Number of protein chains: 2
Amino acid sequence: MARGRESAANLNRVLAEIRRLGAAARVDIAAATGLSAATVTLLSADLIAAGLVEEAASEAPNARGRPRVMLRLSPGALHVAGAKLSDSKITVAILDFAGAIVAEAAAPLLSRRPTVAQMLTQLDLAFAVALETAGLMERDIAAIGLGAPGFVEGETGRCLWSPVLSDPAPVDLLGPLRARFGCPVFVDNDANLATLAELWFGLGRGRRDFLVVTIEHGLGMGAVIGGRLFRGARGVGVEFGHIKVQNDGALCRCGQRGCLEAYVADYALAREAGAALGTEVGQGPLLEQLFASARGGDAAAQSIFRRAGRMLGLGLANLVNLFDPPLVILSGERMRHEPLFAEAIMAALSANILKLDRPDPEIEVHRWGDTLWARGAGALALDGITPDLAAARRAGASPRSV
Amino acid sequence: MARGRESAANLNRVLAEIRRLGAAARVDIAAATGLSAATVTLLSADLIAAGLVEEAASEAPNARGRPRVMLRLSPGALHVAGAKLSDSKITVAILDFAGAIVAEAAAPLLSRRPTVAQMLTQLDLAFAVALETAGLMERDIAAIGLGAPGFVEGETGRCLWSPVLSDPAPVDLLGPLRARFGCPVFVDNDANLATLAELWFGLGRGRRDFLVVTIEHGLGMGAVIGGRLFRGARGVGVEFGHIKVQNDGALCRCGQRGCLEAYVADYALAREAGAALGTEVGQGPLLEQLFASARGGDAAAQSIFRRAGRMLGLGLANLVNLFDPPLVILSGERMRHEPLFAEAIMAALSANILKLDRPDPEIEVHRWGDTLWARGAGALALDGITPDLAAARRAGASPRSV
DNA sequence: GGAATTGTTTATAGTGTCGAATTAAATAAA
DNA sequence: TTTATTTAATTCGACACTATAAACAATTCC
């Protein structure tokens, strides 16, 4: 290929492979990408000259032969910030180029449903604290990623609906962020960020195809297909929380009825908790009380979890039948808290997926905190700038001599 | 790029663009692919020398300037065969390189659920007739595509379950076909072929993203994402007919309960038709009688279609929420026959998709006969061999001089 | 008829990749 | 210790591919 600028495709493949494997020798990269060893040498020399990659001794030397020289990302090459908006606070993490968290901070949202402008103020606050902790200046941040719950178009940066923002329906997230920060900015649905975090740092590392389902205040989902995040054809895809599992069923936050989320998400359980706990509502968050009652053997509380699990299992089975993934990652604290819930999910899932002559998909449970959602947002930022970066740095910093 | 053999990537892009547009001038191709005009000239010269492409006068001359010379596929460059296995017969079509049907033939299946060997015998029969009609010899056929209902892994050619074959569960379709025919052979799920036919010749022509749902004896689905057929992560994907719309619901052919197909497909309606028509069962196929009764105002018959439509609409809404496609193509004769059915679908669909600040997906109805399914199988064959072909022919036929 | 417009082709040059040979760094065997 | 073997990385030459720029071709407009 001789496409002047903008090519650099193989350069990025090498970089992506190093990121995927954490540390890889040139031979490994050549094998994984199908490039020749000569080309990998050339390209990695460029990456090293650009300061993005560095050599390291192999910690597990091979039996014989010349020892392999490992390549890894230079952590200090640049830093990015990731922010995760939840229903009560905004969390910011600062990541180095290798994806490690350098600093983090959170700021509470001052109202229950802030405007974008109010949200930005609090983001700024947390951002400043995180920078301070990391010992960095704002100009050291090469890109910023933001994840928000709701329907977010990654491409345009428009949020078509969100349960946590009060602005009227289609609100531009990208514009205000761009106006505030000088660096490239990326926004996406928060579940997609959790998925990216699994792909880059979690259970999905090195996997080409898997689904992630997040259960927290709402119900979210992300899909990795062919090693890349699948966002649906028009950018707002895989809205798992709003597939319908019941005709004319329970009322959902989105205004429709019968959404899966309306049976499974935190707010849905809290809605039922009142009825189950009856007059005995005590102190503390409703959901915690519900957990306690179920563990204590309360039949009504248990039935809430059992029904929620059955519904989620059914929805998961449909996902598996449609996407045919080898791995499904369930992420959410409740999976640990409530064994009844997990049991009901697994039973409904295995009863409703196609039984073929091959292994069922693996189901893994993974618990994430806000920090790690923010890390996913950082991954989005890294993912967004890395390609251009590699090409640009090569053009500028290292004029490969002739 | 300088990848000795095997590259030819841009060569295939040019070829694909010509196929997509039907006829295109070199400038059009350059604009669509992003290649330079000079490169397009070079590459198309190779394709012409290889006999795959030919020039043709532009039928709609532009206002001024030098008139564009259109390029189109040379129909006679090669021929392929496509075969579609249904529950009662096997249909074979022979296509030229441009995708036009040159001949077709069908042979009945001699038993209700034949073995692969018996199916092959009938395929052979129809194939021979079609060859005769086309005036071709078997060695003129460059590749063969076969579509079968059920769960078919396109990659491995294994059929994991099929309602029309009697062999035990995982049966190899590719092996026997390869043994019988000398040319490359491709197999796939029949709904994927209908989807490919829509992409190449139908309503999906030139579209990058859409879904196809087929309603005939069973319920099938195919997805085009980014201009390519999406087969799910492990090859057996998008099994729309077997997503669950009811907990512990109606019994499906696949052995599970609550599958959408068990409410919507022909056999499901036929199952209910007995009850609706009661003792008045007359002559002719049950389904036709059901159509007639519904048109005649029979409340029981109408309610069958209404429920089926509601279920399908719900399932479609879930698909739309997950894949977020701009276009959904519904294919099946019933859509024309029974307006009640179509109405119920649309109502349930529009009630259950996410309402966002943007247009709802287009819903198109398209009726296919077995011929066109077979054409899709031919498209599979063309799709399979074209890339190698272009490279091989160039290497052999036209040693571009230096 | 000349100018403008549009499409295609012809040099020319630059770039990226590969294959083969070479060098480097280690261990195993003699 | 010396020599072979194994594996990793680099260098070098060849060349296929593509782009840029300019020329060429075939029209219509004025």
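Trainee: Why does A:Asp324 count as buried?
Mentor: A residue is buried if 20 or more other C-beta atoms, placed from the backbone, lie within 10 Å of its own, exposed if 12 or fewer, and partly exposed in between. A:Asp324 has 23 C-beta neighbours inside 10 Å, and therefore counts as buried. Please bear in mind that this is a predicted model, in which local features need pLDDT of at least 70, side-chain atom pairs count only at pLDDT 80 or more, and totals for chains, interfaces and linings use all residues. Residues are numbered from 1 along each chain as its sequence is written, while chains are lettered from A and ligands numbered from 1 in the order in which they are written.

Trainee: Where is A:Asp324 found, and what is its phi?
Mentor: A:Asp324 is in the loop between helix 10 and strand 15 (327–331) of chain A. Helices (H or I, at least four residues) and strands (E, at least two) are DSSP runs, numbered from the N terminus. Phi of A:Asp324 is near 55 degrees, a positive value in a residue other than glycine. For B:Asp324, phi is likewise near 55 degrees, and B:Asp324 is buried because 23 C-beta neighbours lie inside 10 Å.

Trainee: What makes the relation of chain A to chain B that of a two-fold axis?
Mentor: Copies are superposed by least squares on the C-alpha atoms of residues with pLDDT of at least 70 in both. Here a rotation of 180 degrees with 0.2 Å of shift along its axis places chain A on chain B, with an RMSD of 0.1 Å. That is the relation of a two-fold axis. The same surface serves both copies, as 100% of the contact residues of chain A recur in chain B.

Trainee: How many residues of each chain are in contact with the other chain?
Mentor: 34 residues of chain A are in contact with 34 residues of chain B, where contact requires C-beta atoms, placed from the backbone, to lie within 7 Å. Strand 9 (158–161) and helix 10 (299–323) of chain A each supply at least two residues of the side of chain A that touches chain B. Helix 10 of chain A gives the most, with six residues.

Trainee: How do the residues of that side of chain A divide?
Mentor: They divide into 20 nonpolar, eight polar and six charged. The classes are as follows: Ala, Val, Leu, Ile, Met, Phe, Trp, Tyr, Cys and Pro count as nonpolar, Asp, Glu, Lys and Arg as charged, and the others, Gly among them, as polar.

Trainee: Why are strand 6 and strand 11 of chain A said to stand at the edges of their sheet?
Mentor: The open sheet of five strands has the order 6-5-4-7-11 in chain A, with mixed pairing. Two strands pair if DSSP finds at least two bridges between them. Strand 6 (101–108) and strand 11 (185–189) of chain A each have a single partner strand, so one side of each is left without a neighbour in the sheet.

Trainee: Why is strand 7 of chain A described as largely enclosed?
Mentor: Seven of its eight residues are buried, so strand 7 of chain A is largely enclosed by the rest of the structure.

Trainee: Which residues touch the most other members of the largest nonpolar core?
Mentor: A:Val92 and B:Val92 do so, in a core of 263 residues. A nonpolar core is a set of buried Ala, Val, Leu, Ile, Met, Phe, Trp, Tyr and Cys residues joined through C-beta atoms within 7 Å. Beyond its neighbours within four places in sequence, B:Val92 is in contact with residues including B:Leu123, B:Ala126 and B:Phe127.

Trainee: How do you know that B:Ala126 is buried?
Mentor: B:Ala126 has 22 other C-beta atoms within 10 Å, and is therefore buried. B:Ala126 is found in helix 4 (residues 116–134) of chain B.

Conventions
Contact = placed C-beta atoms within 7 Å.
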